Amino acid sequence: MSQWLRRRFTDAYERMLRRQLEAAPTHVAIIQDGNRRYARRRGDDAPDGHREGAKTTERVLEWCEELGIEELTLYAFSTENFDRRDEELEPLFDLLESKLYEFADADRVHENGVRIGAIGDVERLPERVRDAVAYAESQTVEYDSLRLNIALAYGGRSELLGAARTVAREVAAGELAPADVDADAVEDRLAEHTTRDVDLIIRTGGDERTSNFLPWHANGNEAAVYFCAPYWPEFSKVDFLRGLRTYESREQSWRQSRADRAVALLRAVAETELADAKTVAGRLRTQLPSAGAREVSAELERQRGADAGERAD
């Protein structure tokens with residue numbers, strides 16, 4: 001297939017995927033895997049793969065702006081990455097530093113109101129990277145149209161452990177009552193820049209695991225997960241749209257399951273008393289999407305008809 005024909009086919013496929021999407025998720029989190037393997041396959045060094053991956057990051061940010069996604073979290077550097085050799089880490093730190101400054105000064109970032117924030121144990125990073133983080137955050141602190149969270153020196157277990165230690169210290173100091181330790185109390189002590197539950201996790205590079213990434217905000221929300229084979233530098237808009245389609249399919253299935261459970265509950269109540277069924281139906285309709293509410297209303301009408309028929313008999 002010629003390059004021109006392949007491009008035409010890809011464009012048409014992108015348009016088809018866009019038409020299939022009713023709404024984009026609010027918060028997408030991405031594990032950017034495969035930079036080093038991409039470089040090895042091409043006979044390059046690991047830093048070359050990281051530089052190519054940075055180009056993909058810029059494109060993904062553009063796609064999020066285009067599709068109305070409100071929050072994007074990128075797993076850029078995990079706590080386990082500190083175990084890599086210095087000859088790989090130093091160029092990676094250089095790249096993180098330069099890209100943070102570049103993003104913070106980019107016209108597109110300011111025009112689209114992108115707020116940049118880092119999550120993770122940033123204090124473990126070299127001073128030059130910490131300075132770049134502080135600069136990016138300060139330059140974009142007033143924005144909130146799209147939040148870009150960059151996970152640096154991040155580990156999900158470490159984040160939860162830090163929140164638990166903070167809660168324990170505050171309880172011991174009498175600043176927090178034990179009875180007030182609930183989900184909200186823990187969430188308030190997690191990374192400040194992650195503001196919403198994660199709707200969709202995307203992982204590139206072929207591995208099917210979420211690698212200790214955002215356990216509270218993703219697993220707690222039962223986020224949809226999309227694993228794909230392309231290495232991060234090869235990740236395309238088609239791959240991104242497929243991930244969004246996975247999220248939407250899961251949401252549709254979830255909404256239908258809720259509607260099915262609501263109808264089953266209504267039937268069980270109606271078997272004993274129609275008046276109670278009317279009360280339950282009213283409550284259920286306020287908690288379901290419009291399609292599910294219509295199913296509940298239809299079931300209530302069916303029960304009313306059955307009850308009227310029994311009285312006529």
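A residue is called buried at under 20% relative accessible area, exposed at over 50% and partly exposed in between, using a 1.4 Å probe and protein chains only. Asp33, at 18% relative accessibility, therefore counts as buried. The model is predicted, so local features need pLDDT of at least 70 and side-chain atom pairs count only at pLDDT 80 or more, while totals for chains, interfaces and linings use all residues. Residues are numbered from 1 along each chain as its sequence is written, and side-chain values use heavy atoms, with hydrogens and water left out.

**Annotated sites**

- UniProt, in an unreviewed entry, gives Asp33 and Asn81 as "active site"; UniProt positions follow the numbering used here, feature names are shortened, and annotations may be inferred rather than shown by experiment.
- These two residues are spread over 49 residues of sequence but cluster in space, with a largest C-alpha distance of 12.1 Å.
- The lining of the largest pocket includes both Asp33 and Asn81.
- On a 1 Å grid over the protein atoms alone, a pocket is an open set of points with protein on both sides within 12 Å along at least five of seven lines, and lining residues have an atom within 4 Å of a point.
- The unreviewed UniProt entry also places a "binding site" at Asp33 and Glu222.

**Asp33**

- Asp33 sits in the loop between strand 1 (27-31) and helix 2 (35-41); helices (H or I, at least four residues) and strands (E, at least two) are DSSP runs numbered from the N terminus.
- Beyond its neighbours within four places in sequence, Asp33 is in contact (heavy atoms within 4.5 Å) with Arg203, Thr204, Gly205, Asp207, Tyr231 and Trp232.
- The side chains of Asp33 and Arg37 are joined by a polar contact of 3.1 Å.
- A polar contact is a pair of N or O atoms within 3.5 Å; within protein, one must be able to donate a hydrogen and the other to accept it, and residues adjacent in sequence count only if both atoms are side-chain atoms.

- Asn81 lies in the loop between strand 2 and helix 4 (86-105), and is buried because its relative accessible area is 12%.
- Neighbours within four places in sequence aside, Asn81 is in contact with Ala76 and Leu89.
- Glu222 is in the loop between helix 9 (215-219) and strand 6 (224-227), and counts as exposed because its relative accessibility is 55%.

**Cysteines**

- The structure holds 0 disulfides, a disulfide being a pair of cysteine sulfur atoms within 2.5 Å.
- Cys64 is buried at 0% relative accessibility, and Cys228 is buried with a relative accessible area of 7%.

**Aromatic rings**

- There are 10 aromatic pairs in the structure.
- Rings of Phe, Tyr and Trp (its six-membered ring) pair if their centres lie within 6.5 Å; planes under 30 degrees apart count as stacked, over 60 as edge-to-face and the rest as tilted.
- Tyr75 and Tyr154 have ring centres 5.7 Å apart and planes at 80°, so this pair is edge-to-face.
- Because Tyr75 lies in strand 2 (residues 71-78) and Tyr154 in strand 4 (residues 146-154), the pair ties together parts 79 residues apart in sequence.
- Both Tyr75 and Tyr154 are buried.
- Phe77 and Phe82 form an edge-to-face pair, with 4.9 Å centre to centre and 80° between the planes, and both residues are buried.
- Trp63, Trp232, Phe235 and Phe240 are linked into a cluster by ring pairs.

Notes. On a 1 Å grid over the protein atoms alone, a cavity is a set of points where a 1.4 Å probe fits but cannot get out, and a pocket is an open set with protein on both sides within 12 Å along at least five of seven lines; lining residues have an atom within 4 Å of a point.
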